Structures are given as structure tokens and as C-alpha cells.
Amino acid sequence: LSGLDPAQPYFQSTPIEVRLDKSDAEFVDVIHTDSAPTIPYLGFGMSTAIGHLDFYPNGGEQMPGCGKNPVSQIVDLDGIWEGTRDFVACNHLRSYKYYSDSIIYPDGFLGYACASYDVFETGKCFPCPREGCPNMGHFADKFKGKIKNNFLKLYLNTGENKDFALWRYKVTVTLSGKKKVKGYVNIALYGSGGNTRQHQIFKGTLQPHNTYTNFIDVEVNIGTVTKVKFLWNNNLLNPTFPKLGAATITVQSGEN
């Protein structure tokens, strides 16, 4: 059984006989996308972990792309009817959109087991353990024989719109150069499976020989890394034309 943002009002914290529960089937996976409290945030979905696997994409409360202004949301690519529904219950309806996208991307939507979304964002639950990470959505049952915990809470990030699948990488950059400068560092990844757009690794004072690490969620599974593009820029016009390079760049895939 796959629970697509099971309802919170009248169901949360009720006996298992009247709501979805892991005892309802051999394998129950749940996607929580609108689990903020009903009062005052109008969350329609349940926040409690109730399945064998409970996925909380983007933290499970506020989905990227759901904060668009009402006009742009209602006049949607998928038509006014779809846009109006999204305006009324955008977070709630993301659950089935993620599920349908997961059919197209069998290797996407990896969920990282973590204590909370805040801890997930610090990178402490990266990379996947030896037994791997389950895939949120249609292929969650591939993980069926690997569950050890009573409840497994899983976290991941998604895109703002279709296609929603993202792949998580840890990127570490050590700078080379002579002088520190204020600016930012961007990275683009190239691989056997495709290339990414630029992703920001750091913004602030760039100090040569310092190492900067960040986690990026990219829009393609790049496969085997073939090239990394390093770009930096200073925030202000600098007449001394400072030069910076990348002494080393390390890319780690969350999956393996």
C-alpha cells in the first residue's frame, strides 16, 4: 500500500483501525507532503510516521513551487482546472505528482534515513548506508527486505516543477590563489548520464587554500563523473583582477 499524503483532519492520532497503518499490508510506504498543523497552517496531511517507510520530501510541510503567486499558479501549464486545484491544495497534491514521476525515474527520489529534515540538511545522513537508500514512490518496495527499524523516516529534496526528481551530491572545493576575495564559487558536473546546470557551493570571503563543502541536489543522475566545471566571481568590481583556481574538487554521490 502506498499512502499519498494521508489525511490529517479526523485521522491523525486516531486508533489504527480508522486510519492507514503499517499493519494494513505486508508493506506500507507513505509520502508526506502537507504535514504542517491544520490549525493555523491548513495542512491536510498527516505528520506521524505510520508506514514501514515514511518519506518527507523537502521536510514534508512546504513543497518547492507551491509558493507561486495565485495568478501564475492558476494559469498553469497543465490548464486552469489543474492550476486552480494546485492553488487550493498544492502541497497535498504534490504527493501523487511525485509518485507518477517516480515511475519515470526508477533511480530517482532517494530517501535518506535521518532524525529530522534539519539534520538531513546538515549532511549528517549522507551518503546512503551499505544497504542503500529506498526510492520514494513506485519503487519503494524494492527496499522491502532491508527494513530493520520499527519506523524509518526518510528525507530528500525535489524540484519546483516537473520533472521533480533530483540527485544529491557532496562537493568539496579547495581553492588556490594568492589573495582572498569576496565572491562566490559555482560548480557544474558533467558525466556519462548527463550534465547539470551551475550550482553554488559557497558565497562569502574566498580564501586561497581553504576548503569549502556543500550539498547540491541536481536535476540529472550524472553517472560516472567525466568533468567538473569550476567558476568563481567577485561580488564587486576589483581593479586588481584577483585570480583564483581550484586546487582540488571532490564529488561524492549519495547513492554509492
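**Before you click**

You are looking at a predicted model, where local features need pLDDT of at least 70 and side-chain atom pairs count only at pLDDT 80 or more, while totals for chains, interfaces and linings use all residues. Residues are numbered from 1 along each chain as its sequence is written, and side-chain values use heavy atoms, with hydrogens and water left out.

**The whole protein**

Start zoomed out. The C-alpha trace spans about 70 × 45 × 30 Å along its principal axes. In cartoon view you can pick out four helices and 12 strands.

Of the 256 residues, 45% are buried. Here buried means under 20% relative accessible area, exposed means over 50%, and partly exposed is in between (1.4 Å probe, protein chains only).

Now colour by charge. There are 25 positive and 24 negative side chains, and the centres of the two sets lie 15 Å apart. Lys and Arg count as positive, Asp and Glu as negative; His and the chain ends are not counted. Each charge is placed at NZ of Lys, CZ of Arg, CG of Asp or CD of Glu.

Where they touch, domain 1 supplies 10 residues and domain 2 supplies 10 residues. Contact means heavy atoms within 4.5 Å. Across the protein, 73% of the contacts with a separation of 6 or more are between residues 24 or more positions apart.

**An open sheet**

Next, find strands S1 to S5. In what order do these five strands sit in their open sheet? The order is S1-S2-S3-S5-S4, with mixed pairing. Two strands pair if DSSP finds at least two bridges between them. At the edges are S1 (2-4) and S4 (112-113), each pairing on one side only.

Zoom in on S4 and its partner S5 (residues 152-156): they run antiparallel and are joined by two bridges. Click Ala113 and you will find Leu154 of S5 opposite.

**Strand S6 and its partners**

Move on to S6, residues 167-177. Eight of its 11 residues are buried, so the strand is largely enclosed by the rest of the structure. Which strands does S6 pair with? One is S10 (residues 211-218), antiparallel and joined by eight bridges. Select Trp167 to see Val218 of S10 standing opposite. Another is S12 (residues 244-253), also antiparallel, over nine bridges. There, Val173 has Ile249 as its bridge partner.

**A histidine stop**

Select His92, which sits in helix H3 (residues 80-104). His92 counts as partly exposed because its relative accessibility is 22%. Show its surroundings: setting aside neighbours within four places in sequence, His92 is in contact with Asp5, Thr33, Asp34, Phe44 and Gly45. Gln12 is 80 residues away from His92 along the chain, and their C-alpha atoms are separated by 15 Å.

Finish with some loops. Select Phe126 and Pro127, which are joined by a cis peptide bond with omega of about -5°. Pro127 is in the loop between helix H4 (117-122) and S5. A cis bond also joins Lys162 and Asp163, with omega of about 5°. Asp163 lies in the loop between S5 and S6.

Ser13 is not a glycine, yet has a positive phi of about 65°. You will find Ser13 in the loop between S1 and S2 (29-31). Is Ser13 buried or exposed? Ser13 is exposed, with a relative accessible area of 71%.

Asn58, a residue other than glycine, also has a positive phi, near 55°. Look for Asn58 in the loop between S3 (53-57) and helix H2 (70-74). Asn58 is buried, with a relative accessible area of 10%.
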